[in-house]
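Take a look at the chain, then read on.

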Amino acid sequence: MKPCPYCGYSNLDSATQCRKCDSSLVSAGGTVYSGRRHVLSPLHAKYVRDRGLAVLVLGLLVKVYWGGYGPWPVIDNPALAHARTWLEPLLIYGGLAIYALGWAFKWL
Ligand SMILES: [Zn+2]
């Protein structure tokens, strides 16, 4: 199988063009030529979006579990409670920003 570096689709080894996104898969050595030049390939942009989503989910987990939004006790250790005040927005808004960046790379 020859994976398309733009969309990740597994094409037949004999394929010269991706079946899913129509990118040209000219070189057998793995070099792929496309009519369009991207800053990041769509596959790498998807990695960026996935990481952004993971960071966002981690931030929401910190908010829910660490913030005491449940039947468990709130973590009231001053150092940990203070860390949550900057860690939670950093993860949530940072994750959103990384996801938006990965989304924007689809057109860059
Ligand atoms: Zn493709």
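## The glycine after H1

Helix H1 is followed by Gly68, and this glycine has a positive phi, near 80 degrees. Keep in mind as you look that the model is predicted. Gly68 sits in the loop that runs between H1 and H2.

Is Gly68 buried, exposed or partly exposed? Count the C-beta atoms around Gly68: 15 others lie within 10 Å. A residue needs 20 or more to be buried and 12 or fewer to be exposed, so the label here is partly exposed. Leaving aside residues up to four places away in sequence, Gly68 touches Pro73 and Val74.

## The whole chain

Let's step back for a moment. The chain has two helices and two strands, and along the sequence they come in the pattern β-β-α-α. Of its 108 residues, 11% count as buried.

Contacts tell another part of the story. Taking those with a separation of 6 or more, 50% are between residues 24 or more positions apart.

How far apart should the ends of H1 be? H1 has 25 residues, and at 1.5 Å a residue the helix should span 36 Å.

Four residues are the buried ones of H1: Ala45, Gly52, Val55 and Gly59. H2 is included in what covers them.

## How H1 and H2 pack

Now bring in the partner helix. H1 covers residues 42-66 and H2 covers residues 78-104; the two pack at an angle of about 155 degrees, with axes 7 Å apart. Angles over 145 degrees count as roughly antiparallel, so that is the word for H1 relative to H2.

The crossing of these two helices, H1 and H2, is left-handed. Which kinds of residues make up the contact of H1 with H2? They divide into 17 nonpolar, five polar and six charged.

## A buried cysteine

Our last stop is Cys18, found in the loop between strand S2 (10-11) and H1. Cys18 has 22 other C-beta atoms within 10 Å; the cut-off for buried is 20 or more, so Cys18 is buried.

Which residues does Cys18 touch, not counting those up to four places away in sequence? They are Cys4, Tyr6, Cys7, Tyr9, Asn11, Ser23 and Leu25. As for Gly8, ten residues from Cys18 along the chain, the C-alpha atoms of the two are separated by 9.4 Å.

How values were computed:
Residues numbered from 1 in each chain as written. Predicted model: local features only at pLDDT ≥ 70, side-chain atom pairs only at ≥ 80, totals over all residues. Axes fitted to C-alpha atoms, helices over the stretch in contact; angles between N-to-C directions. Parallel < 35°, antiparallel > 145°, perpendicular 65-115°, else oblique. Left-handed = near helix turned anticlockwise from the far one by under 90°. Nonpolar A, V, L, I, M, F, W, Y, C, P; charged D, E, K, R; others polar. Contact = placed C-beta atoms within 7 Å. Expected span 1.5 Å × (residues − 1).
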